[in-house]
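Colleague: I have a model open and would like to go through it. Can we start with the terms?

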Amino acid sequence: MLRSNTITRSRAFQRALSSRTASVHTSAIRQNAGATISAGTKTSGGGFKKFFALAALFSTVSYGGLIFASLKNDTIHGYVTDFIPFSDSLIVWIENQRFQKRFRANTGQSPPLFSSSALPAGFDVKVEIPRSGVNSRAIDSSANTTKKMSQETPIVVKVPEVILPLISIPKDADALITKSTEALNELISQVNDKSVDETHVKNVAATINDLHSFITSTQKSLKESLQTEFNKQVKALDEASAQEVKALEDTWLKRYQEQQQVLLDEYNKKLATEIQATKDAINGLAANKLTSLFVEREQQYAQEIANKVETEHEGRLSKLAELSSSVAELEEITSKSNTVIHQADNAVRLHRAIAKLSSAIKDSKPVALGPFIAAIEKVAGEDPLLKAAIASIPTSVYTEGVLTPAQLAARLKLIEPEIRKASLLPEDAGIAGHLGSIIFSKLLWKKSGAPAGDDIESIFSRAEVFLEQGNIYEAVAEINTLKGWPKKLAHDWLDQGRKRTEVDFLIQVLSENAKLWGVKL
Amino acid sequence: MSAVAQTSKPSQSLLNDKWDVVISNTLVKTGLGFGCGVVASVLFFKRRAFPVWLGVGFGAGRGYAEGDAIFRNSDAGIRSVKA
């Protein structure tokens, strides 16, 4: 089937190929002819011939090279088949050739038709001749061999004449075997003599039957004996194994028991030691508790004894305590009286100091009040009111003292003309205002007594009256009602007057407080 | 400080001090004006009298203005030099 297929394929291919190769061939021939023509006519010149030959050679070589390359490379194959004429068909042809070659190598057949590719002219003739020869030769050979075989078989059937040897057996063989052997030997000898008889054959058959029966019986007996033997042995083995197992079991049991015993002993030992330890611990604890209880008891006992002794002594001691308390009271009273005495002393001293201070400020000249105030401070101690009063005394008084009412009156008289000059000043006066005030103040009438009015003359007259009465406080208040330039001019006098009034007031406070000290006692 | 200032300048003499300053200042300014007027009259006005009077007037006016300022306690007036 395969072969016929390949044959038909090859034929079709061959036909297609023959036309193409023919065309290639004709072109080659044409080239050759051109070459010969050019070689023949030298009139056109050697250059042209040379060129033509070279061109042909070059084109042929490049064509072949391109075809070869296209067989090797797929991209070149694509270019070549696209742009070069006849290359497609030529490549297909070459590939087919290759395929056929390979196929031939695989099947082991060599149709001479494909092998001859370079002979297009005698192609068909060459193909037919070897093909028929091969076939006929194969068929002829097979026919010849079968004929020879059929002729030789009758010659082989002819048996050659042979004398059969007798069967020999060892002499100590079984009787039956000997017998059958004898019968066989007899048969052989008779066969050798060619006087074979039916009886002999029967004889042989009988002996063989006997042998058969004997063999079966012996086999049977042997089988039975073997069975029994086997059973016996199995039994024995069973027993032996059972015994062995038992022995093993015994030994293991023994060991197990021994081990158990050992473990039990160890456990008992441990238990005993533990019991001993716990016993000891409990004993120790109990002893401790007992001792502690004992100690507690002793303490309680001691306490009780002490209590009893104390209660017994308490009767006497209570009287002593009463006495001591009365003594303490006495002490307290004495200390109280001491403090009272001290306080009275202090009060007296304070009174004296304050009296000294008040006499000092009533002096006709200003006296430095520092030492007097220090004396009061010393006596006053921690009295907050006295402290505050002393603290509010202006510090300049300590060294300079305060002006007496007479001095204040004299000073007021001194500043009066100056203030009078400024008495008529308008508000925010310039040179003209000041000049006018000075001039026109000369024309003012002086007042006396206690006239009503806010003008400077009446204020001055009232202040003078107050000063004459010794009421510095009111005089200062009157002068303080001045405004503008007059007040500025009276600033120093006001300061002094205020100081004086303050000191007076504070001394009064101190003396009142000192009186309070006396009352407190 | 204030005590020291008070002792150096008693309050009743505040106005007198101001008067001192004003009068001296006016005198100085008037004198300056007079001087300027004299110089001007000699140099430019052929010894005529009016430049002298003009100078005296300028000086006195300046002194008056400054005196006003001094009394009014404004920031104007003569410059105060801290001793």
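Modeller: A residue is called buried under 20% relative accessible area, exposed over 50%, and partly exposed in between, with a 1.4 Å probe and protein chains only. This is a predicted model, in which local features need a pLDDT of at least 70 and side-chain atom pairs count only at pLDDT 80 or more, while totals for chains, interfaces and linings use all residues. Residues are numbered from 1 along each chain as its sequence is written, chains are lettered from A and ligands numbered from 1 in the order in which they are written, and side-chain values use heavy atoms, with hydrogens and water left out.

Colleague: What is the average pLDDT of chain B?

Modeller: pLDDT is the predictor's confidence in each residue, from 0 to 100. For chain B the average is 83, and 78% of the residues score at least 70.

Colleague: Where is confidence lowest in chain B, and where is it highest?

Modeller: It is lowest in helix α1 (residues 2-8) of chain B, with a mean of 47, and highest in helix α2 (residues 14-43) of chain B, at 92. Over residues 1-6 of chain B, pLDDT stays under 50, and the model has three contacts there beyond four places in sequence. A contact means heavy atoms within 4.5 Å.

Colleague: And what scores does the complex get?

Modeller: The predictor gives an ipTM of 0.81 and a pTM of 0.42.

Colleague: How many helices and strands does chain B have?

Modeller: Three helices and zero strands, in the order α-α-α along the sequence. Helices (H or I, at least four residues) and strands (E, at least two) are DSSP runs, numbered from the N terminus. Of the 83 residues of chain B, 28% count as buried.

Colleague: Which feature does UniProt place at residues 22-45 of chain B?

Modeller: An unreviewed UniProt entry places "transmembrane region" there. UniProt positions are given in the numbering used here, feature names are shortened, and annotations may be inferred rather than shown by experiment. In the model, residues 22-45 of chain B are 92% helix and 0% strand, with the end C-alpha atoms 32 Å apart.

Colleague: What is the area buried between chain B and chain A?

Modeller: About 1,600 Å², of which carbon and sulfur atoms give 60%. Buried area is the accessible area (1.4 Å probe) that two parts lose on being put together, summed over both.

Colleague: Which residue does Glu66(B) meet in a salt bridge?

Modeller: Arg62(B), at 2.9 Å from N to O. Both residues lie in helix α3 (residues 50-72) of chain B, four residues apart, about one turn of the helix. Glu66(B) is buried, with a relative accessible area of 5%, whereas Arg62(B) counts as partly exposed at 46% relative accessibility.

Colleague: Over in chain A, which residue pairs with Glu478(A)?

Modeller: Glu478(A) forms a salt bridge with Arg462(A), the closest N and O atoms being 2.9 Å apart. That pair links distant parts of the chain, 16 residues apart: Glu478(A) is in helix α15 (residues 472-480) of chain A and Arg462(A) is in helix α14 (residues 456-469) of chain A.

Colleague: Are those two buried or exposed?

Modeller: Glu478(A) counts as buried because its relative accessibility is 14%, and Arg462(A) counts as buried at 16%.

Colleague: Last one, helix α10 of chain A. Which of its residues are buried?

Modeller: In helix α10 (residues 384-391) of chain A, Leu386(A), Ala389(A) and Ile390(A) are buried. Seen down the axis of α10(A), they fall within an arc of 95°, so they line one face of the helix. The arc is that of the directions from the helix axis to the C-beta atoms. Pro384(A) and Ala391(A) are exposed, on the face of α10(A) turned away from its buried side.

Terms used: A salt bridge is a side-chain nitrogen of Lys or Arg within 4 Å of a carboxyl oxygen of Asp or Glu.
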